[in-house]
Amino acid sequence: MATHRRASARLVASFLAAGLASTALAACSASDANGGTQEAEVTAEGVDDGTELTLWTRAPLEQQANLLVEAYNASHENQVELTVVPNDDYVAKVGAAAGSDSLPDLFAADIVYVPNWVQQGLFADVTDAVGELDHADQINKGHLEGGTLDGRQHVLPFVLDVSVMFYNKDLYEQAGLDPEQGPTTLAEFSDHAKAVDGLGGDVSGTYFGGNCGGCLVFTWFPQVWAGGEDVMNAEGTESLLAGDAAQEVYGVWQDLVQSGAVGEGSKEETGATWTGPFLEGEVGVMPFPATMLATADEALGEVGVAPIPGPDGGASTFVGGDGIGISKDSEQADQAWNFMSWLMSEEAQVEVLAKNGDVVSRGDLAENEYSAKDPRVLAVNEIASEGRTPLAINFQQAFNAPGSPWVTMVRNEVFGEGGAVETDNEEITAVLAQ
């Protein structure tokens, strides 16, 4: 099972045109005086003339990026050279390249970073080109909104990832639970986890990244949303994580920790291996990245998949993954747009991503020949179309960064005695409002 642990760490160590009638190529411009970008002048479908394009992506999406690039290169004259960057190095690499005007033609970015990088002017404006796509109204709105500044669009979805509940059907059956029925409330989730934990041995009821801000937003924000509350205000400048639903979520997890149903290592888990224990068959049920479905099936046989519920029911998901855009430094905008527009095609969405068991970025393609073969995949696609992508300029500092005030809040409430929610929430707001 060590192979699956390494795979999971690599894939999830965490957790983006004027003149359409013209065929002329125009370079992507640097940021303007207002911090945005000027428009990239591209034709409706771009140009496919044998140009060599460069693309950067981060390691968690290596598998999907390779499949997409291979399919594009096999069917187009343009050729894309892919560079995969370790997740922990990606932000620094993009920042250094932006400062030296040496960004690649295209680069993908964790959707929570996109608003900041758009504001900094790293992506070209492709608003009119997006509007020319026949299926523009079907593209995942969370990713489009993440790349929108002052009504102008800068990115399309590259690869979507959504959070769902995975459960080990074999362990459920051994614990006397229905292997075809996942939890529908957080109370049921807790009951299921405790039942599996009762099997003893190396088995734990559940597991989570207790020192990983990105893991926690990806899997815990949906529990709050499903409870009927928001996690931030619409502007992304105020934290709302001291509400009743949020506190119920913390209480469920604190109880699981205190009852011993949470796997050893959760408290210090920084995210590098947070999916490993489940893939090794040691965990009964936990919120999980949907992109890991094929890997989980390979490791465990068919796993159970359910929406992430709130305290009293409901369902929600965090629509994460990466957006992609044309960089401010590209001199081949028309050719780069040809790749981006192809990404939204049925060929890319269905014959590459859906075929691989991944989430599609277009709502009208959620039902396809591959999802029809697996109700779990169809359910994930449908959940994705209704999910949320929280947006804030200072999202990284407030939530994802090591030692962020969000991580502090969770650790105080779940591993500590609690009672500091209001104070910790104010600390998150202070960072968001900077």
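This is a predicted model: local features need pLDDT of at least 70, side-chain atom pairs count only at pLDDT 80 or more; totals for chains, interfaces and linings use all residues.
Begin with the second largest cavity by selecting Ala290, Thr291, Leu293, Gly357, Asp358, Val359, Val377 and Val380, the residues that line it. The space they surround has a volume of about 40 Å³, and the lining divides into five nonpolar residues, two polar ones and one charged one. If you colour the model by domain, with domain 1 as 42-161 + 320-386 and domain 2 as 162-319 + 393-432, you will find that each of the two contributes at least three residues to the lining of this cavity.

Next, select residues 333-343, which form helix H13, and show their side chains; this helix is mostly covered, with 11 of its 11 residues buried.

Then go to residues 421-432, helix H18, whose 12 residues reach 16 Å from the first C-alpha to the last, close to the 16 Å expected at 1.5 Å a residue. Within H18, highlight Val421, Asp424, Asn425, Ile428, Val431 and Leu432, which are buried. Turn the view until you look down the axis of H18: the buried residues fall within an arc of 115°, so they line one face of the helix.

Continuing past H18, select glutamine 434, which is found in the segment after that helix. Is glutamine 434 buried or exposed? Its relative accessibility is 69%, and because exposed means over 50%, it counts as exposed. To place glutamine 434 against another part of the chain, draw a C-alpha to C-alpha distance to glycine 323, which is 24 Å away in space and 111 residues away in sequence.

The last two stops concern backbone angles. Most residues other than glycine have a negative phi. With a relative accessibility of 53%, aspartate 101 counts as exposed.

Finally, select aspartate 150, which is found in the loop between strand S4 (148-149) and strand S5 (152-153). Aspartate 150 has a phi near 55°, again a positive value in a residue other than glycine, and at 74% relative accessibility this aspartate counts as exposed.

How values were computed. Residues are numbered from 1 along each chain as its sequence is written. Side-chain values use heavy atoms; hydrogens and water are left out. On a 1 Å grid over the protein atoms alone, a cavity is a set of points where a 1.4 Å probe fits but cannot get out, and a pocket is an open set with protein on both sides within 12 Å along at least five of seven lines; lining residues have an atom within 4 Å of a point. Grid points are joined across faces, edges and corners, and a volume is the space filled by probe spheres set on the points. Ala, Val, Leu, Ile, Met, Phe, Trp, Tyr, Cys and Pro count as nonpolar, Asp, Glu, Lys and Arg as charged, and the others, Gly among them, as polar. Domain bounds come from an automatic or database domain assignment. Helices (H or I, at least four residues) and strands (E, at least two) are DSSP runs, numbered from the N terminus. The expected span of a helix is 1.5 Å times one less than its number of residues. Buried means under 20% relative accessible area, exposed over 50%, partly exposed in between (1.4 Å probe, protein chains only). The arc is that of the directions from the helix axis to the C-beta atoms.
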